[in-house]
Each structure stands twice: as structure tokens, then as C-alpha cells.
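Here is a friendly briefing to read alongside the sequence and the 3D view.

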Amino acid sequence: MTYGKLYLIPSPLGDGAPEEVLPAPVLALLPQLQCFVVEEVRTARRFLSAAGLKGKIADLEFHELNEHTPAAAVASLLPLFAGGRNVGLISEAGLPAVADPGAQLVALCHANGIQVVPLVGPSSLMLALMASGLNGQSFAFAGYIPAKTEERRTALRSLEKRSASARQTQLLIETPYRNDALLADMLQCLQGRTQICVACNLTCPDQFICTRTVAEWKQHPVTLGKRPCVFLILA
């Protein structure tokens with residue numbers, strides 16, 4: 001059987017115009033695709049409309065793949081590529097398949113010999129690392145850590161030890177409504193000299209990026225609120 005390609009389509013990190021963060025070739029590709037696998041249909045429709053497909057959305061085909069999609073259901077997406085049809089994968093924000101359920105579709109494509117084409121766009125993780133001033137030669141992404149306080153503090157101490165032993169920057173993310181609780185736990189259980197960078201609303205008008213030691217953060221407290229954030233630790 002002849003299969004099409006899977007295009008990994010980046011999307012803006014905030015509500016800004018797509019052309020401000022996406023290269024022209026990416027925007028030019030979108031009208032050529034008729035089928036999309038997306039994390040949330042409503043968000044994807046809004047993004048594609050802003051990206052130049054306004055008035056054409058009704059003619060497009062959407063399939064959802066998110067954290068609620070059963071693993072067994074991912075295989076049912078394979079026929080979308082039949083007959084050489086190309087498919088676009090869109091995450092809620094930023095790059096698809098990075099801390100994103102779309103990785104399951106990418107794995108399915110590799111297992112079936114389908115070409116995967118990553119496209120250029122904003123990565124909150126790399127933007128945060130670039131702007132942090134921390135070690136960009138050796139770093140690791142820890143993803144989400146436990147939500148319960150004691151488990152979270154244990155995980156933070158473990159990341160600090162790993163950072164210190166390897167001189168390695170540790171990156172992590174959190175559900176926005178727990179941002180302030182996470183930062184409070186960082187200041188509670190990490191060493192005073194450990195550096196923390198907080199990068200919020202990257203690429204947006206109210207972007208906030210600040211790197212301080214734990215001791216300095218305690219002297220200059222902030223309220224992060226429910227903004228998308230990346231946290232970086234270097235011990």
C-alpha cells in the first residue's frame with residue numbers, strides 16, 4: 001500500500017498571529033493538507049483559520065488524538081494515509097509530539113514505513129533554555145513531576161542532585177494552575193545556591209523570563225498565576 005507523509009505542524013505558544021512565529025514555508029504547506037490529527041478540534045480550527053485557511057475549515061477532516069485517546073484507537077488512524085494522502089499533526093501549542101500524545105502517531109508511522117516530516121516552529125523548552133543562561137551543553141527534560149506535595153518535593157530534590165552531579169540543567173513543566181505551588185516547593189526544598197529560571201508566556205507580549213538563585217527568589221517573590229511556564233534548575 002502507498003502511504004502519504006505525516007507533517008508535524010508547529011503552532012503558536014500564545015494567541016499571537018501565526019506569521020509572527022512560523023516560517024512562510026510552514027504556512028504555505030497548510031492549504032495543501034485536507035486531513036489533520038489534532039489534540040483539540042476547536043483549538044486547531046482557530047489556529048488554521050488564523051493561519052490563512054479562514055473560510056475553508058468546513059472542508060477539512062479532523063481526528064482527535066489526546067490524553068484521553070485509548071492506545072488501541074491510535075492504530076485506527078493508519079488508514080488516513082492510504083492512497084498517498086498526507087496528514088498534518090497539530091498539538092495544542094508549540095511543537096507536536098514533545099510532551100504531547102501525538103508521539104503515539106509518530107511511532108505508528110515509523111512502524112509502518114510512513115515518512116515523518118518535522119517542521120520548524122517555536123519550542124518553549126528550547127526558548128527557555130536559550131534565555132536562561134544555564135548550562136546549554138548538558139540538559140535533560142523531566143516533563144511533569146508528581147502533583148502531591150511530598151512526592152513533588154522528593155522529585156525536586158532528586159533533580160537537584162542529578163543536576164549537581166552532572167552539572168546538568170533540568171527542565172520541567174507543570175499544569176498552569178499549579179505553577180505557584182511548584183515554585184513555592186522549589187524555594188522550600190532546594191539549596192540556596194541552586195539556580196532556578198522561570199520562563200512564562202514565551203513569545204507573547206507579556207513574556208517573563210528570570211534566572212535567580214533560590215536565595216534571590218526568596219528575596220524577590222513573584223506570583224506566576226495560570227500562565228504556561230517552563231522551569232529550569234541548575235545546582
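Predicted model: local features only at pLDDT ≥ 70, side-chain atom pairs only at ≥ 80, totals over all residues.

Residues are numbered from 1 along each chain as its sequence is written, and side-chain values use heavy atoms, with hydrogens and water left out.

**Nonpolar cores**
- The largest nonpolar core has 21 residues, and Leu156, Leu172, Met186, Leu190, Ile196, Val198 and Phe231 are those with the most contacts inside it.
- Such a core is a set of buried Ala, Val, Leu, Ile, Met, Phe, Trp, Tyr and Cys residues joined through side-chain atoms within 4.5 Å; buried means under 20% relative accessible area, exposed over 50%, and partly exposed in between (1.4 Å probe, protein chains only).
- Elements giving two or more residues to this core include helix H6 (149–166), helix H7 (179–189) and strand S8 (195–200), and H7 gives the most, with 5 residues.
- Helices (H or I, at least four residues) and strands (E, at least two) are DSSP runs, numbered from the N terminus.
- A second, separate core of 20 residues includes Leu22, Phe36, Ile57 and Leu60.

**Around Phe139 and Asn135**
- Phe139 is found in strand S6 (residues 139–144) and is partly exposed, with a relative accessible area of 35%.
- Asn135 lies in the loop between helix H5 (124–132) and S6, and is buried at a relative accessible area of 19%.
- Contacts (heavy atoms within 4.5 Å) link Asn135 to Leu129, Arg167, Thr169 and Leu234, not counting residues up to four places away in sequence.
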